[in-house]
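Dear colleague,

Here is the structure I said I would pass on. My notes follow it.

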Amino acid sequence: MQTQFPFKPALLALCTAAAFAATPACAAGMSKAEYSAAKDRIGADYKLAKASCDRLSGNGKDVCEEEAEAKEKVAKAELEAAYTGKPGDRAKVAEVKADTTYEVAKERCDDLAGNAKDVCVQEAKAAHTKARADAKLVSATGKAQMEARDEKREANYKVEAEKCDALAGDAKSTCVADAKARYGKS
C-alpha cells in the first residue's frame with residue numbers, strides 16, 4: 001500500500017517551474033504611486049488571508065498561515081521585479097517561490113508521523129533543491145542574455161560609427177551623435 005502525502009512533489013516542482021515563466025520580463029513602467037498602492041493591496045490581502053485562518057485550528061491553521069505568508073512574500077517579490085525590472089529582482093522571485101513553496105510543504109508534513117513524515121520532509125527538501133537549482137539557472141540565463149544583448153548593441157554601434165567616418169563636418173558630428181543616442185553611448 002502506498003502512503004498518500006498531503007502534497008505531490010512532482011506537482012510542487014511543476015508549479016514552481018511554471019512560476020518562473022510568469023515572472024515579469026521587464027519593468028511595466030509603474031509609477032511610485034502605483035507601486036505604493038500595490039504594496040498596500042498586498043498587505044491588505046495578507047491580513048485578510050491570515051484572518052481567514054483564525055477559523056481553523058491545529059496544523060490546518062499553521063498551514064493556512066504559512067500559505068498566506070508565502071503568497072505575501074511572492075507578491076512582494078513580483079511587485080519589486082515589476083517595478084525595478086532588474087534581472088536580480090526577477091531571479092529573486094524564483095528563489096522566493098522556491099523557498100515559500102518549501103516552507104508550506106514542510107508545514108503540511110507536520111500532520112504526518114514517523115516514516116511518512118520523514119519521507120514527506122525529504123520529498124519537500126528534494127523539490128526545494130530542484131527549484132533553487134532552476135532559479136539559479138534562470139538567473140544565469142538572464143545574465144547571459146543581457147551580456148549577449150550588450151555585445152550586439154556594441155557591435156551595431158561600431159558599424160554605425162564606421163559608416164559615419166565616410167562623412168565630414170556637421171554631417172559626421174550629427175551621424176555620430178545619432179549613433180550614440182541610438183545605442184546608449186554617452
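Below is what came out of the analysis, from the whole chain down to single contacts.

Please keep in mind that this is a predicted model.

The protein chain has six helices and zero strands, so the order along the sequence reads α-α-α-α-α-α. Of its 186 residues, 28% count as buried. The accessible surface comes to about 11,600 Å², and carbon and sulfur atoms account for 54% of that. Taking contacts between residues at least 6 apart in sequence, 67% join residues at least 24 apart.

The largest nonpolar core consists of five residues, namely Val74, Ala77, Ala81, Val93 and Val96. Helix 3 (58-84) and helix 4 (87-109) are the elements that give two or more residues to this core, and helix 3 gives the most, with three. Val74, a member of the core, is in contact with Val96, Lys97 and Thr100 once its neighbours within four places in sequence are left aside.

The other pairing to look at is helix 5 (residues 114-164) with helix 6 (residues 169-182). Their axes come within 9 Å and cross at roughly 175°. Angles over 145 degrees count as roughly antiparallel, and helix 5 and helix 6 are therefore roughly antiparallel to each other. On the helix 5 side the contact involves Tyr157, Glu160 and Cys164, which meet Lys172, Cys175, Val176, Ala179, Lys180 and Arg182 in helix 6. By class, this contact has five nonpolar and four charged residues, and no polar ones.

Regards

Technical notes: Residues are numbered from 1 along each chain as its sequence is written. This is a predicted model: local features need pLDDT of at least 70, side-chain atom pairs count only at pLDDT 80 or more; totals for chains, interfaces and linings use all residues. Side-chain values use heavy atoms; hydrogens and water are left out. Helices (H or I, at least four residues) and strands (E, at least two) are DSSP runs, numbered from the N terminus. Buried means under 20% relative accessible area, exposed over 50%, partly exposed in between (1.4 Å probe, protein chains only). Contact means heavy atoms within 4.5 Å. Accessible areas come from the Shrake-Rupley method with a 1.4 Å probe; for residues, only the protein chains shown count as cover. A nonpolar core is a set of buried Ala, Val, Leu, Ile, Met, Phe, Trp, Tyr and Cys residues joined through side-chain atoms within 4.5 Å. Axes are lines fitted to C-alpha atoms, for helices over the stretch in contact, and angles run from 0 to 180 degrees between N-to-C directions. Angles under 35 degrees count as roughly parallel, over 145 as roughly antiparallel, 65 to 115 as roughly perpendicular and the rest as oblique. Ala, Val, Leu, Ile, Met, Phe, Trp, Tyr, Cys and Pro count as nonpolar, Asp, Glu, Lys and Arg as charged, and the others, Gly among them, as polar.
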